[in-house]
Amino acid sequence: MTDILCYEDSYLKTFDATIAAVVGRGVVLDRTAFYPGGGGQPPDSGTLSDGSDEYTVKRVRRASGQYVHEIEGGERPEVGACVRGSIDWERRYQLMRTHTALHILCGVVWRDYGAQVTGGNMEPLRARMDFELESMSADFAERVEELINAEVAAERDVVVGILPREEAFRIPDLIRTKINLLPPQISEVRTIDIRGLDLQADGGTHVANTREVGRIRVTGHESKGRINKRLRIAVDH
Ligand SMILES: [Zn+2]
(Lines give C-alpha, C1' and ligand atoms only; values in the text may rest on other atoms or scores of the structure.)
Protein backbone atom coordinates (compact mmCIF):
# COMPACT_ATOMS: atom_id res chain seq x y z
CA MET A 1 0.00 0.00 0.00
CA THR A 2 1.37 3.40 -0.99
CA ASP A 3 2.33 5.74 1.84
CA ILE A 4 0.60 9.03 0.98
CA LEU A 5 3.06 11.62 2.29
CA CYS A 6 0.92 14.69 1.57
CA TYR A 7 -1.66 13.58 4.17
CA GLU A 8 0.91 14.47 6.85
CA ASP A 9 2.90 17.20 5.08
CA SER A 10 0.97 19.18 2.49
CA TYR A 11 4.04 21.37 1.80
CA LEU A 12 6.19 18.48 0.51
CA LYS A 13 7.08 19.34 -3.10
CA THR A 14 9.65 16.64 -3.97
CA PHE A 15 10.25 13.12 -2.65
CA ASP A 16 12.19 9.93 -3.41
CA ALA A 17 10.36 6.68 -3.99
CA THR A 18 10.65 3.22 -5.52
CA ILE A 19 8.46 1.90 -8.32
CA ALA A 20 6.41 -0.90 -6.75
CA ALA A 21 4.41 -1.87 -9.85
CA VAL A 22 3.86 -0.89 -13.47
CA VAL A 23 0.21 -0.80 -14.54
CA GLY A 24 -0.24 -0.08 -18.25
CA ARG A 25 1.16 3.43 -18.79
CA GLY A 26 1.16 4.09 -15.08
CA VAL A 27 3.25 3.33 -12.02
CA VAL A 28 2.49 2.55 -8.39
CA LEU A 29 5.06 3.94 -5.92
CA ASP A 30 5.91 2.79 -2.39
CA ARG A 31 5.40 6.39 -1.24
CA THR A 32 4.15 9.54 -2.89
CA ALA A 33 3.51 13.23 -2.27
CA PHE A 34 1.03 13.38 -5.17
CA TYR A 35 -2.48 13.98 -3.87
CA PRO A 36 -4.67 11.20 -5.29
CA GLY A 37 -7.83 13.31 -5.49
CA GLY A 38 -10.96 13.18 -3.35
CA GLY A 39 -13.26 15.41 -1.34
CA GLY A 40 -13.73 17.70 -4.33
CA GLN A 41 -9.98 18.35 -4.70
CA PRO A 42 -8.54 17.13 -8.02
CA PRO A 43 -5.42 14.94 -8.10
CA ASP A 44 -1.94 16.43 -8.54
CA SER A 45 0.16 16.51 -11.68
CA GLY A 46 3.96 16.81 -11.92
CA THR A 47 7.00 14.74 -12.90
CA LEU A 48 8.91 11.59 -12.00
CA SER A 49 12.59 11.24 -12.85
CA ASP A 50 14.87 8.20 -12.55
CA GLY A 51 18.06 10.09 -13.40
CA SER A 52 18.05 9.30 -17.12
CA ASP A 53 14.36 9.55 -18.02
CA GLU A 54 11.77 12.08 -17.02
CA TYR A 55 8.09 11.21 -17.02
CA THR A 56 5.21 13.62 -16.90
CA VAL A 57 2.61 12.63 -14.31
CA LYS A 58 -0.73 13.65 -15.76
CA ARG A 59 -2.65 12.67 -12.66
CA VAL A 60 -3.04 9.99 -10.02
CA ARG A 61 -6.02 7.70 -10.02
CA ARG A 62 -7.25 4.92 -7.77
CA ALA A 63 -7.51 1.50 -9.38
CA SER A 64 -8.29 -1.69 -7.44
CA GLY A 65 -7.12 -0.14 -4.19
CA GLN A 66 -3.86 1.14 -5.73
CA TYR A 67 -2.73 4.68 -6.51
CA VAL A 68 -1.63 4.73 -10.13
CA HIS A 69 0.46 7.67 -11.39
CA GLU A 70 -0.48 8.02 -15.06
CA ILE A 71 2.70 8.93 -16.93
CA GLU A 72 3.77 10.16 -20.37
CA GLY A 73 7.22 10.29 -22.02
CA GLY A 74 10.46 8.51 -21.12
CA GLU A 75 11.32 4.84 -21.62
CA ARG A 76 9.32 2.09 -20.00
CA PRO A 77 9.82 2.38 -16.22
CA GLU A 78 11.01 -0.67 -14.29
CA VAL A 79 9.81 -2.13 -11.03
CA GLY A 80 12.39 -1.48 -8.32
CA ALA A 81 13.75 1.70 -9.96
CA CYS A 82 14.31 4.70 -7.70
CA VAL A 83 12.60 7.88 -8.80
CA ARG A 84 12.40 11.45 -7.64
CA GLY A 85 8.90 12.90 -7.80
CA SER A 86 8.07 16.58 -8.08
CA ILE A 87 4.53 17.85 -7.87
CA ASP A 88 3.35 20.84 -9.91
CA TRP A 89 3.58 23.09 -6.89
CA GLU A 90 2.04 26.25 -8.33
CA ARG A 91 -1.15 24.39 -9.19
CA ARG A 92 -1.20 22.40 -5.94
CA TYR A 93 -0.65 25.48 -3.75
CA GLN A 94 -3.53 27.19 -5.53
CA LEU A 95 -5.67 24.12 -4.77
CA MET A 96 -4.59 24.19 -1.10
CA ARG A 97 -5.59 27.84 -0.81
CA THR A 98 -8.87 27.14 -2.60
CA HIS A 99 -9.66 24.08 -0.46
CA THR A 100 -9.04 25.99 2.78
CA ALA A 101 -11.18 28.85 1.41
CA LEU A 102 -14.05 26.38 0.99
CA HIS A 103 -13.68 25.18 4.58
CA ILE A 104 -13.73 28.80 5.78
CA LEU A 105 -16.90 29.29 3.73
CA CYS A 106 -18.69 26.25 5.09
CA GLY A 107 -17.45 27.03 8.62
CA VAL A 108 -18.90 30.55 8.46
CA VAL A 109 -22.20 29.51 6.88
CA TRP A 110 -22.62 26.77 9.49
CA ARG A 111 -21.66 29.04 12.44
CA ASP A 112 -23.76 32.05 11.42
CA TYR A 113 -26.65 30.51 9.46
CA GLY A 114 -26.76 26.87 10.63
CA ALA A 115 -26.75 25.59 7.07
CA GLN A 116 -25.19 22.28 6.09
CA VAL A 117 -23.19 21.64 2.96
CA THR A 118 -24.82 19.46 0.32
CA GLY A 119 -22.06 19.46 -2.28
CA GLY A 120 -19.04 21.25 -3.65
CA ASN A 121 -16.21 21.21 -6.12
CA MET A 122 -13.01 23.10 -6.86
CA GLU A 123 -10.40 23.85 -9.47
CA PRO A 124 -7.35 26.03 -8.86
CA LEU A 125 -8.55 29.41 -7.48
CA ARG A 126 -12.24 28.73 -8.22
CA ALA A 127 -14.83 26.73 -6.35
CA ARG A 128 -18.50 26.27 -5.67
CA MET A 129 -20.39 25.02 -2.66
CA ASP A 130 -24.04 24.10 -2.21
CA PHE A 131 -25.89 24.67 1.06
CA GLU A 132 -29.15 23.55 2.60
CA LEU A 133 -30.69 27.03 2.54
CA GLU A 134 -34.17 28.19 1.65
CA SER A 135 -33.23 31.63 0.43
CA MET A 136 -30.25 33.28 -1.23
CA SER A 137 -29.72 36.89 -2.20
CA ALA A 138 -27.08 39.34 -3.35
CA ASP A 139 -27.09 40.83 0.15
CA PHE A 140 -26.44 37.42 1.67
CA ALA A 141 -23.57 36.78 -0.77
CA GLU A 142 -22.05 40.17 0.06
CA ARG A 143 -22.34 39.56 3.81
CA VAL A 144 -20.76 36.11 3.46
CA GLU A 145 -17.86 37.61 1.50
CA GLU A 146 -17.19 40.03 4.39
CA LEU A 147 -17.39 37.24 6.96
CA ILE A 148 -15.04 34.84 5.18
CA ASN A 149 -12.43 37.54 4.56
CA ALA A 150 -12.59 38.39 8.26
CA GLU A 151 -11.56 34.76 8.94
CA VAL A 152 -8.62 35.13 6.52
CA ALA A 153 -7.62 38.31 8.36
CA ALA A 154 -7.97 36.50 11.72
CA GLU A 155 -4.93 34.38 10.72
CA ARG A 156 -6.30 31.16 12.13
CA ASP A 157 -4.01 28.12 12.22
CA VAL A 158 -5.14 25.13 10.16
CA VAL A 159 -4.16 21.87 11.85
CA VAL A 160 -4.27 18.28 10.58
CA GLY A 161 -5.32 15.64 13.11
CA ILE A 162 -5.86 11.89 13.19
CA LEU A 163 -8.62 10.63 15.49
CA PRO A 164 -9.62 7.08 16.36
CA ARG A 165 -13.02 6.41 14.76
CA GLU A 166 -14.83 6.11 18.12
CA GLU A 167 -13.48 9.47 19.31
CA ALA A 168 -14.40 11.12 16.03
CA PHE A 169 -18.00 10.00 16.38
CA ARG A 170 -18.22 11.81 19.73
CA ILE A 171 -17.60 15.22 18.11
CA PRO A 172 -21.03 16.52 17.09
CA ASP A 173 -19.65 18.92 14.45
CA LEU A 174 -17.93 16.09 12.62
CA ILE A 175 -21.19 14.22 12.17
CA ARG A 176 -22.47 17.06 10.01
CA THR A 177 -19.75 16.18 7.51
CA LYS A 178 -21.26 12.73 7.46
CA ILE A 179 -18.42 10.60 8.81
CA ASN A 180 -21.15 8.07 9.59
CA LEU A 181 -20.89 7.25 5.89
CA LEU A 182 -17.32 6.01 6.46
CA PRO A 183 -16.77 2.36 5.61
CA PRO A 184 -16.61 0.25 8.81
CA GLN A 185 -13.03 -0.91 8.12
CA ILE A 186 -11.73 2.67 8.45
CA SER A 187 -10.40 2.87 12.01
CA GLU A 188 -8.97 6.40 11.97
CA VAL A 189 -10.40 9.67 10.77
CA ARG A 190 -8.23 12.47 9.42
CA THR A 191 -9.45 15.88 10.46
CA ILE A 192 -8.81 19.45 9.35
CA ASP A 193 -9.21 21.96 12.16
CA ILE A 194 -9.37 25.66 11.32
CA ARG A 195 -8.78 26.60 14.94
CA GLY A 196 -11.80 28.30 16.43
CA LEU A 197 -13.87 28.10 13.27
CA ASP A 198 -14.35 24.71 11.66
CA LEU A 199 -13.46 21.07 12.33
CA GLN A 200 -14.13 18.50 9.62
CA ALA A 201 -13.27 14.98 8.62
CA ASP A 202 -11.30 15.59 5.44
CA GLY A 203 -8.62 14.03 3.26
CA GLY A 204 -7.49 17.13 1.38
CA THR A 205 -4.35 19.26 1.43
CA HIS A 206 -4.63 22.63 3.17
CA VAL A 207 -2.53 25.70 3.92
CA ALA A 208 -1.20 26.05 7.48
CA ASN A 209 -2.86 29.38 8.26
CA THR A 210 -5.92 31.12 6.83
CA ARG A 211 -3.82 34.21 5.93
CA GLU A 212 -2.23 32.14 3.13
CA VAL A 213 -5.61 31.92 1.38
CA GLY A 214 -5.57 35.63 0.57
CA ARG A 215 -8.55 37.62 -0.66
CA ILE A 216 -11.69 35.56 -1.41
CA ARG A 217 -14.46 36.93 -3.63
CA VAL A 218 -18.01 35.57 -3.82
CA THR A 219 -18.50 35.59 -7.58
CA GLY A 220 -21.98 34.13 -7.89
CA HIS A 221 -25.06 32.85 -6.10
CA GLU A 222 -27.87 30.78 -7.52
CA SER A 223 -30.73 28.54 -6.55
CA LYS A 224 -30.37 24.83 -7.24
CA GLY A 225 -33.76 23.93 -5.77
CA ARG A 226 -36.12 24.82 -2.93
CA ILE A 227 -33.65 24.08 -0.12
CA ASN A 228 -30.44 23.98 -2.12
CA LYS A 229 -28.47 27.16 -2.86
CA ARG A 230 -25.09 27.58 -4.48
CA LEU A 231 -22.28 30.05 -3.83
CA ARG A 232 -19.32 30.46 -6.19
CA ILE A 233 -16.02 31.82 -4.95
CA ALA A 234 -12.72 32.89 -6.47
CA VAL A 235 -9.41 33.19 -4.64
CA ASP A 236 -7.14 36.01 -5.78
CA HIS A 237 -4.03 34.97 -7.68
ZN1 LIG B 1 -12.41 19.53 2.30
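I count two strands as paired if DSSP finds at least two bridges between them. Helices (H or I, at least four residues) and strands (E, at least two) are DSSP runs, numbered from the N terminus.

Entry 1: I worked on a predicted model, in which local features need pLDDT of at least 70, side-chain atom pairs count only at pLDDT 80 or more, and totals for chains, interfaces and linings use all residues. Residues are numbered from 1 along each chain as its sequence is written.

**Entry 2: hairpin.** I looked up E123 and found its bridge partner, R126, in strand 10. Strand 9 (residues 117–123) and strand 10 (residues 126–131) run antiparallel and are joined by six bridges. Two residues lie between these strands, and in this hairpin L125 takes a positive phi near 70°.

**Entry 3: helix pair.** I noted that helix 1 (residues 89–113) packs on helix 2 (residues 138–153) at an angle of about 115°, with the axes 9 Å apart. Axes are lines fitted to C-alpha atoms, for helices over the stretch in contact, and angles run from 0 to 180 degrees between N-to-C directions.
I then listed the contact residues (C-beta atoms, placed from the backbone, within 7 Å). Helix 1 contributes I104, L105, V108, V109 and D112, and helix 2 contributes V144, L147, I148, E151 and V152.

**Entry 4: positive phi in loops.** I found S64 in the loop between strand 6 (54–63) and strand 7 (66–72). S64 is not a glycine, yet its phi is positive, about 45°. S64 is exposed, with 6 other C-beta atoms within 10 Å; the cut-offs are 12 or fewer for exposed, 20 or more for buried, and partly exposed in between, with C-beta atoms placed from the backbone.
I found E155 in the loop between helix 2 and strand 11 (158–164). The phi of E155 is also positive, near 50°, and E155 counts as exposed with 10 C-beta neighbours inside 10 Å.

How values were computed: Contact = placed C-beta atoms within 7 Å.
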